[in-house]
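Hello,

Here is the structure I promised to pass on. Have a look at it first, and then read my notes below.

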Amino acid sequence: MAAPILPLIDAAAHWPERGALIGLDLGTKTIGVAVSDPDRRLATGVETIQRQAFKADAARLVAIAAERAAVGFVLGLPINMDGSEGPRAQSTRAFARNFSKLTEFAIGLWDERLSTAAVERELIGMDMSRARRAEVIDEHAAIFILQGALDRLAVRF
């Protein structure tokens with residue numbers, strides 16, 4: 001049976017109270033990966049996966065989840081500023097549907113509007129070169145997405 005794919009708060013009901021979450025920023029060429037601590041207070045970058053075939057990407061994500069003793073996934077859902085879902089959001093939902101067949105962990109979708117832009121501004125503020133920003137932007141976007149989700153989950157109780 002496929003893992004459930006739900007809005008963040010609904011997905012949280014399927015996760016145990018403790019355990020790391022894996023945050024993902026799905027790009028067309030890369031996947032930024034972040035992980036939380038078991039108490040879900042802090043998101044930390046793990047790596048940027050250079051996208052290959054879906055099965056290879058998914059296998060790496062499952063391996064990361066096992067290495068980190070994760071209990072769930074948070075995918076950034078790129079919703080348009082007007083609240084509609086464009087091609088990137090549809091692509092993220094399709095990835096989630098396919099990935100849900102390969103994991104038992106619930107997948108939470110989190111609105112990631114402006115996450116990459118916010119991270120880009122932060123990295124520019126750190127006077128990081130364009131080349132270095134390109135290397136780390138997706139991992140940092142995954143951290144931003146996961147931290148936003150963790151902060152939201154912290155206030156729901």
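Which residues are exposed on the other side of helix 2? They are Lys 55, Ala 66 and Glu 67, where exposed means over 50% relative accessible area, buried under 20% and partly exposed in between (1.4 Å probe, protein chains only). Helices (H or I, at least four residues) and strands (E, at least two) are DSSP runs, numbered from the N terminus.

A word on the source: this is a predicted model, in which local features need pLDDT of at least 70, side-chain atom pairs count only at pLDDT 80 or more, and totals for chains, interfaces and linings use all residues. Residues are numbered from 1 along each chain as its sequence is written, and side-chain values use heavy atoms, with hydrogens and water left out.

Back to helix 2: Asp 57, Ala 58, Leu 61, Ile 64 and Ala 65 are buried there. Seen down the helix axis, the buried residues fall within an arc of 120° (taken from the directions from the axis to the C-beta atoms), so they line one face of helix 2. They pack against strand 2, strand 3, strand 4 (43-50), strand 5 and helix 3.

Leaving aside neighbours within four places in sequence, Leu 61 is in contact (heavy atoms within 4.5 Å) with Leu 24, Ile 31, Val 33, Ile 49, Phe 73, Phe 95 and Phe 99.

Finally, just after helix 2, Ala 69 takes a positive phi of about 55°.

Enjoy exploring!
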